[in-house]
Every structure is written in C-alpha cells, then in structure tokens.
Amino acid sequence: MTTALRQRLQQLGGLPAASGGVDRAMAADAPGARSGRGGPSARSWAAAGFREETPGLLVRRVRAPMAAGAPLLASTLALLSGDPRWAEPGEGAVWLFDVETTGLAGGTGTVPFLYGWARLDGPPSGGGWAAGPEAGLEVEQWLLPELGSEEPIIRAAVARLRGARGIVTYNGRTFDLPLVRTRTVLARVSGLWPDPPHLDLLHPTRRLFRHRLDRCTLTTASAVLVGTRRGADLPGWEVPERYRTFLRCGDPAVLGSVLSHNVADLAELGGLLWHLASHVEGGIGEPQDAYPLGRFYEARGCTEAALRSYGTAVVLAPPPLDRAALGRRARLLRRQGRLDEAATLWELGWRRWEDMEAAEALAIDREWRGRDLEEALALSRAALARASGPWASRFARRVWRLERRLSRSQAPEAAGADPGRPAPWASWLPGGVSYEAWQLLRQRRGSRPRAGPWGMGTTAAGT
Amino acid sequence: MPAGIPRRLQAGLQRRGIRALYTHQAEAVAAALAGEHVVVVTPTASGKTLCYNLPVLSGILADDTARALYLFPTKALAQDQLHELRALGDAADMGLRTHTYDGDTPPAVRASLREAGHVILTNPDMLHTGVLPHHTRWVRLFEALRYVVIDELHTYRGVFGSHVANVLRRLQRICAFYGSHPTFIACSATIANPAELAERLLGLPVTCIAGSGAPTPPKRVVVWNPPVVEASLGIRRSAALEARTLAPALVRAGAQTIVFGRTRLQVEVLLRYLRSGLEDQTGPGDPARPSAVRGYRGGYLPLERRAIEAGLRDGSVRCVVATNALELGIDIGQMDAAVLVGYPGTIASTWQQLGRAGRRDRPALQVLIAGSGALDQYVARHPEFLLDQPPEQALINPDNLLVLAGHLQAAVFELPFVDGERFGTAEVGELLALLQEEGLVHHAGGRWHWSADAFPAEAVSLRTVTASNVVIIDTSTGPGRPSGGPQGPSAGSGGGRAGAGARIVGEIDEWAAPLTVHDDAIYLHQGRQYHVERLDWEEHRAYVHPVAVDYFTEAELRVNLQVLECFDGPEPLPTAQVLRAHGEVRVSAVAAMYRKVRFLTHETIGSGPIALPERDLHTTAYWCAFPLGASAPVMGRALEPGVHALGHVLRHVACLALMCEPRDLGAVPQVRAALHGLPRPADAGAAGEYVPGARPSAAPAGQAVGGAPTIFLYDAHPGGVGLAGRLFLLHSQLLAAAADLLGDCPCPHGCPACVGPVAGVDPGAKDAARRLVALATGRRQP
C-alpha cells in the first residue's frame, strides 16, 4: 500500500533512494514474529525472568556481584552531592537508578523503556547504607511491554521516588530524571513531582578525576577508577535498536543483552559510589588526585580537609599541580587569618618557583606585617628583575613606592626633590614607574635606556 | 472603546494618549474578545498592534494564569514589539511578565519565562525546534494558552508558509492535549486573499477585518519610466541612475526619503551614488549632508540597525537606502517620500514599501522607477495594474508531501497519533505506515508512537536555504588566484578565500551561475568584460580578469522536462485552440555548451563544452499545449522562436499573478512535446503514470505525429508549493495578460521588456508569439 507513496517521497528527496522498507522485512523474518494482537505470552515473560507483580508492571529481580566497602555514611553522601538533605534524618531506602531509553535525543519522543533500581538498605542504627544483606546488589528491573502502556510504570516510578530516602544516578540530573518527569506530564499523572535528595555521580566524578579520564562515561570511570571490566557487553548505542526489534517481534528474549547491560550499569554505579565515598572520606589514591580533591573540599566549604589535601599536593603532586596547590593553600590560609603559615608557603613558592604571586604576597607581608621595608624592597627588586608582562609594571610600581617610603622614613630632609610631586617622567613612563625601576627593566632586557624627552643628564641628576 | 476592556487597561491607554480606537481596531478587539479567530488586514502605520495587544492584556487582567504566544517572522520584529507591549503593560500598571524567547534569550530568563511568562514573543523557527518538541516543559503555557498572535501573516507564503502551517498544526495538537483552545489573531499587509491564507495556515475559520479606519494623508503615486536610450534594442536608462538624480533632490528639498533597492549590492551602489550626489552642494552643518544618508540591509549589525531606526524616528537621518528588510513593520516613523528603484516583484510589496511614506499631516510622494525588465515594463505601461488590481494571492501548500512528511515525524515525536487522526486537514494513515516501515514510528494499542533514536524537528528547516550566491572575484587586482599564483602561499588558500587585495566584482545566484560564469565565459559587468578563468562550483567562487574582446558568450541550458503524472486536464477550452493541464514533473537542467557570439553581427565564431553537474528537480507544473493541427499551418517556420518567446512572456506574467519571484517559477517551452497534455488514449492505463514519448500511433486521430508545442511553467521548489495548481485555474487570465504585454510593447521585433533577451531572438519571434496567443485566446490580432 505504501509503495507508491515511498516512490514519490524518494523522488522528492525525502527518503534515501536505497531505503526499501528494510524494517518490514526484518520484522517478518524475526523469530517469534508478533502474530496479530495480544503481545508476548506470560510464558515468554517468565522465560525472560519477568513477572507481572502489580497490574501492568513487569518486574525482574536479579542479584549483581559488586564489591562494596564499609557502609556509607549520610554525611559522605551529603558531601558528595552538596545537598545537606542527605544528612537529615529520614525514612526509606536509597536507590541506585538507571534507565534505558529508545534514544539519546531527549525531548518528548524519547521513551525510557527499562527502569533499573538497586536498593541500598539502612541506615542500621547509626551506621550507614549498605547493599543487601548478602554480598552484591539486589537489582530490580521494570520493563515497558509496549509503547503507549506507560501509565503503570510511571505511577510506580513516581511512588518509588516519592518514598525514597534518596537516589543515586550517573548523569541522572540532566538525562534520566527529566525524561521520567516528561513521561509523567505526557501520561497526565497528576501530583507534585517528587524531589528526593539526588546524588548524581557524574559531577563529583568529573571534578575529582577528570585528569585521569579521557571520557567521563560511567563505564570509563568505573574501568579506570574501580578497575571493573565489562565482558561481551552490548554497546550503549545499540540499546534503542534492540528495543525496537523487541517491539516488532514481541519476543522478550531479544532483550537479554539489554537487561544485562542495565544490571552492569547499576553494578558499576554502585562500585563507583563506594569508590568516591572512600576517596572523599580521606583516602588519597594517587599523587595527582590530591589537588582536585582539595578543590572539591574547598568548594564544599570543608576548609580543614582542603588544607590537608593541598598540603599533600604541595609535597607529592607532579608539576604544575604542586605549585597550584601551594597557591590555593596559601590563599586559603590567608583567608583564615593564619598569616604565618601563609607567609611560610609564599616564601617556599618564591624560592622554589620564583612565583610572582608568592613574591608579591610575601612583599606585602614583609612590608605591612613584618614592617621590614628593606626586605620588602629587596624582594620586590629581585622579583622585578625576573618579572615580565603585567607583573613587571606591578613590581616596578611597588619598587618605586617602597623607595620613596624608605627615603622619607630614613632622611626626609635629604630627599632632593619633593617626594609628593610626581616625577616629571611619570607621565610618559609606562604605568608611572620610577626612573630607577625603568632603568632596571631596561638593563634586564639588555638595552640601554633611551633618552627621555629632556635628555639623559637632567633626569639622572634629578635623583 | 469596545466593551470588555478592563478599566485599568483603558486608563493605561489614556496615559499613552489613546482615548478612542479606530473602527477596524474596535472591530478586531471585539471579535477576538468574543473568541473568534481574526485576521486584520491593514496598511502600515494604522495601529495594528493594539488589535492584538488589547484582547491579550484584557485576558491577562481578567485571569492572571492566562498566557499568550506571539509569533513574528524575525527576531528584530519581536524585539520591537516587546517594547511596545511592555510600555502598554507598564501604563496599565499590571505587572506584565513578558520577554522574547529565541536564540538570544539567557538561560535564566528562559526558565522563568516557561514557568511564569504571560506573553512569550518568539518566531516560528524557535517554536518548531525549541518549544514544541519540549512541550512538557511548557505545561504552564499550553494549559492556559488563550491567544496566539501571528503578525506579518503575509510573509508566511510559499515554502516557508507551508512549513509554518504545519508548525501551527503541531501547536494546535499540543494545545488540544493540554485542554486549551487558543484564539488566533493574525495581522497581514494587504494581499488578495488574507482570509484564505489565514484559514489555510490555521485550518480554522477566521473573521476577516479589512479596511483601515485610520486617516490617510493625501499622497501622490508616480510611476516613472526612464527614457529609451537605444530604441532598436528597447534599452532604457538605468533605474538606479534615475534615482541618483531624484533622491538627492528630494533630500535637499527637506523631504525625509526612503529609497528601496532590490538587492543588497544595489543598495550599496545607490548609497554611494546618493552620497556623492549630495557631497558637492552641501556644507558640514547642512541637514542634507552626505552622512545623513544611511544604508539599511540584512548583514548590518543589530546595534547599527537600531541606531539607524532611531535616527529615522528623530529625523537626524534624512535618507535611508534599504532592501526589503525595512518593508516589514519595524518602527521607523513615517517618511515624506518613498522611491522604489525597480518593481519589487509583487503588488503587495510595492504598497508596503510605498506606504513607508505618508505622514498624517502632510502630503506624501511615492515614486516607483521602472527597470527595463518585462515585469517592470508591464507595470510602467499599465499603472492601473498597480492601482486597480487587487494585490496578489499568497499561496501555500501545507500538504506538500515533502513538507508534510517532515512535520508529521516531528508531530509523532511530540505526541502519539491515534488511528484515524488527521494532521490538520491531511489524511496521514498511509504516511505513518510508511514511517513504520522505515523504523521511525511504531504502531501499538491503536496509536502511532515515535520509536527512533532521532530528533526529527532538527532535520526540518522552515526557511529553505536561499540558493547561495556565487561570488565573482577579479584576480587581476591582487592575490587570490585560483591556483597558487606567484603570491599565493598554496593553491588551497588561494582557491578557498579571496586574498586581501582581490576585488569582488559581484555576485550571481546559483541558478544563473552555470550560464554566465562557467569556465571561459565572458562575463559582463557594468559594461566591462571579464574572462572567467575558473568556476569553483564547490566553493561557489568564480575567478575572472578583465579583457577586451569583440565577442560575448551565450550558454545553452538544456532543460529536460518529463511528465510523471497528470492531476487535472488535459482539458480543451471551448473557445480556443489550446489545452491546459497540471501535474507532477521531473525537470533536469544542465548547462551543456556555450557559443561565442560576435558583437553587432551576432555571428557564432566558436563554441565549447561546459562541464557542470546536472540538477534534478521533482515538482509540479502547469502547461498549455497548442495542438499542431491548429498551430502548425498558422506558424510555419516561426513556430519554434514563437514558442520560446511565449514561454518567456508567460513566465513573467505568471510571476505577476502569483506574487512570486521569477526564480520561484521556471519555464520550459517545447516545440514537440510528445503528446504532453493531449487527451490520453483510453487504453493507456487508468491511473498509471503517463508515459511521455508514448507511441504516436496511439494519438487520437487528427493529431499530427511528433507532438505539440507546449509551454511548461514549473514550481521551482521540490514538490511544489501550489503555484502550478493556481496557474491551471488562472489559465485564461494568464493568456490575456500575455496578449496585453505583447500588444502594448512598442518595440518592433521583441525587446527585454517583452519576449526576452535581445541577442539570439529571431525577428519573427514576437509576431509568432502574438499569433500563438491569438490562437489560444480566440482573440483577433490587432
């Protein structure tokens, strides 16, 4: 019936000329092709491991191996997510959550067809959350048996989210949850959208480990950080196609690899959760992890922990992270009013790397806190000799100011010119620096100072 | 002041100096408040904004959750109207929450606009990809959408209009899903069929309110035909040169003047002419100094445009040279004089542009300077065409298969289709089944669901990319030679981009380029000859250098047209020796060879091949055929030039009638179109494809062997936008207009203003065309 239409559309360029309704052929050839209406039988569902637990909701339960560590503390989850609601007392389980969808485009035409949940129990009296009583993860999978019969699954999902103590996802904040929310609107399921505490592991993973990951996908992160290895797994981009095949042929068996893909995702999600938790609870994995960990703590307001991590990084981290950590640690100390410690660090920074920021901070410290103008001047002169770009003019100005301050305090009557009057060349020297400073700059660059507008003699004699 | 406008809004109006409404405003507001879909047809500057702002704001004052959506064809217009709307909202002190929603809207504003914006100002493109596919985020808007305003309705015609009609179908499906039934208020410039266009766009019955109650100042319309400079060839003085004399005189006389050019290039050239015209005679303090003349066209920066608009309003800019970018409703105040350099192509545009001149208290001057083309000359000789004729029809075809298929996918993506559901007026069951075969949708439980991993709205662009121009670069003036010239660092950089010193001579559109700037062509530009070294088809660049030779080149476009299916006809007309038909065709065009023609003698002195790819177009066409039995004896040897000449004439007359650009419509005259458009033998298969080149023996008795002279006019967009069907209906008027054009042209043997380019036209062509038309119309020749 569609042949003529297909031909016209192809002629207009609206369909690729090669397309010949491949899907139609595939659907007919597929094993167990859907005959008439009615969908798969209870037997084929059972064979795939699904039971209709409540009307319209197909559930499959399965255990997944996962090496969990010590129970998770509420405070750790609060720290990882940045959401203080995690630390508040509350009822209910924490769920790991991951959906499989008909596509990655988002919007109203993308349907989540497999909802994967893994329950973390707890907290047992004062302890933290743990995976089930035995080792491993208890996974629960809900399957959408047919497009258009979403209502039971959406109602169940909303109820679960509403009752949850919290949920843990990977990229769920921008992908999984908005999709589920879109489905509730489309299914006209009324009521407020539940908003349980949500820990999206993508964000802490990216902040803490971006330097070690070439891609921030769950599988990459898990492989690099936890050391998991996926066997012959279905690549994620093939998932939508598998579901379409299922829709056409109606045999749940074709979804086998999708189901195990989802279980593997949840297991990796769990493994990554424990890894991140132990990482932020104090374990520093590798030398280069200390600096991002310090930044993470600093962003979350954990100053002491941040100082500790930066301290480790100054000593252990490879360049340039050590130097960056020094700057961050010293600034943090200064904000805390711990100026002695900060000054020690600046000194280290200046000596080890001739760091300009350190030299400036140190000069300020010597001038105002130590009241040692000469050392401040010496430092500034040394820094000026090494400075370039904007730092050069900043130090030149500092040198000029310190010189005047010194000459005033030592022998106010001996100063030839009125120190209050700007030097005559101030207007044409860059940034209004002193003649000495300017000469210093020139010498360092290996060129003689050019004559000023009034000739060399007059200006030199002036000071 | 119609009943139903809250007191607070009335007070706000008074604060803005409005005490009473014009009749058309009152009518429109009353109809909209009564829930009727309205289309308001008014000239520029008649206060159309109030026609929609008043009902919308009244609705929001009555119910704070009510929402409205405004659609403007461009972002700039939305900005313009945002200020207007805010000013009125502030005057009424109603806490109006409104903003534009387009690519420039900051993310934070977007979120709050979705949740709480009373009025969203956007454009069809944004609605198409940014709003509708994410409608669940816009629940607040769609649940309470009370009004949808469509401004500048007349711009939604042709392919663009066909797309927008489908976007509106999608909008209405989504509104129905959320239980809202918005009232549509559309505003249009004067066109012949505003109500029909609105009804096609919306798929809903509308109330049309035409005729402005606003006072119209006295105005004088002048159609200026430049003098003939070369009588035998029918060449007239250039319209741009006439404008160069006229516009500075107007400016010096103190009249604020707007000059409309047809292209961006022409605007820039005119701007230079005008400035130099004012330079000699004005001092620095003079209001008519050259710097008070500004250009305005697409490609200027937004800030620059705003400054020019402001300068026009406060009078510091005395003259602006603009493209049709200033034709739409951007507020620049009213000018004293409008000068159109060349006929803009449609009556509606002409009045929109002329209408920019005319203040309430002063008489206005509106001048149209005709160019030398056929359209322009027809208008110049028939000013009544402009004054008495209703303006053109705006045509759309929302059911164009290509357009429909794209939007149907987007619509399924947004909401599943129920079995038997129509998409607007279109029956789409079969198309959905096809999409299922392609694996894009899935049928289950009596519904069609989107099931592919794709975002279909992104695959559809509402504005088909206007054919990009080929840039013509003079390589003699600097680097930028096509292949590694002495200064060129590499062949790649030389071919890819014009060097700093290379001069761009001009531009030419993609369709004309194979004919005029193919390799070894002689390209003429403002009287200078250039030899084309190379046409880089991929990069759209032609490299030329000036030469002086005694010949020009003429390329031959081989156009092949094949009828695939005949929708209506072929139908003999009772009084005339002609048949009309329309249907689906395939047009393939290739520039195959060129000839070198010597100036003055017009003898062919050489030829060469052109190697450019063939282009294929599937579209709809209208055709009229002259049965040979009737025409051959009449015509004799002049038949061929006559058919070609008539093809040229018909194409231009058709553009006049259809409100389309000449590039929207193609003409293929065929001297022996094998049986096209002739009654089909009964046994040739009922609904099957009509096979061109069918056996001559199958022809009905009385038909000569070898076919009939036929003129095809085809829609230049894939699938067609409804031009062909309309031409089929207008057939008699077309031929009558063609007869007028041929009869009125004073040239002896044909000129650019009637039968086409002078070179190569057979001296007998014009006469032959006249005889063909006489046959067709049954009229006697004068």
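Is Arg381(A) buried, partly exposed or exposed, and what is its relative accessibility? In this predicted model, Arg381(A) counts as partly exposed, at 37% relative accessibility.

**View 1. Arg381(A) pairs with Glu403(A) in a salt bridge.** The N to O distance is 2.8 Å. Arg381(A) belongs to helix α16 (residues 373-386) of chain A and Glu403(A) to helix α17 (residues 389-410), 22 residues apart. Glu403(A) counts as buried, at 17% relative accessibility.

**View 2. Arg323(A) and Asp355(A) form a salt bridge of 2.9 Å, N to O.** Arg323(A) sits in helix α13 (residues 321-335) of chain A, and Asp355(A) in the loop between α14 (339-353) and α15 (356-369), 32 residues apart. Arg323(A) is partly exposed at 35% relative accessibility, whereas Asp355(A) is buried at 12%.

**View 3. A salt bridge joins Arg188(A) to Glu143(B).** The side chains meet at 3.4 Å, N to O. Across the interface of chain B and chain A there are three salt bridges, and the count over all chains is 52. Arg188(A) lies in the loop between α6 (172-186) and β7 (198-200) of chain A and Glu143(B) in helix α7 of chain B, so this pair joins two chains. Arg188(A) is partly exposed, with a relative accessible area of 37%.

View 4. Leu401(B), Glu437(B) and Asp453(B) supply 19% of the area that chain B buries against chain A, more than any other three residues.

Definitions and conventions
Residues are numbered from 1 along each chain as its sequence is written. Chains are lettered from A and ligands numbered from 1 in the order in which they are written. This is a predicted model: local features need pLDDT of at least 70, side-chain atom pairs count only at pLDDT 80 or more; totals for chains, interfaces and linings use all residues. Side-chain values use heavy atoms; hydrogens and water are left out. Buried area is the accessible area (1.4 Å probe) that two parts lose on being put together, summed over both. A salt bridge is a side-chain nitrogen of Lys or Arg within 4 Å of a carboxyl oxygen of Asp or Glu. Helices (H or I, at least four residues) and strands (E, at least two) are DSSP runs, numbered from the N terminus. Buried means under 20% relative accessible area, exposed over 50%, partly exposed in between (1.4 Å probe, protein chains only).
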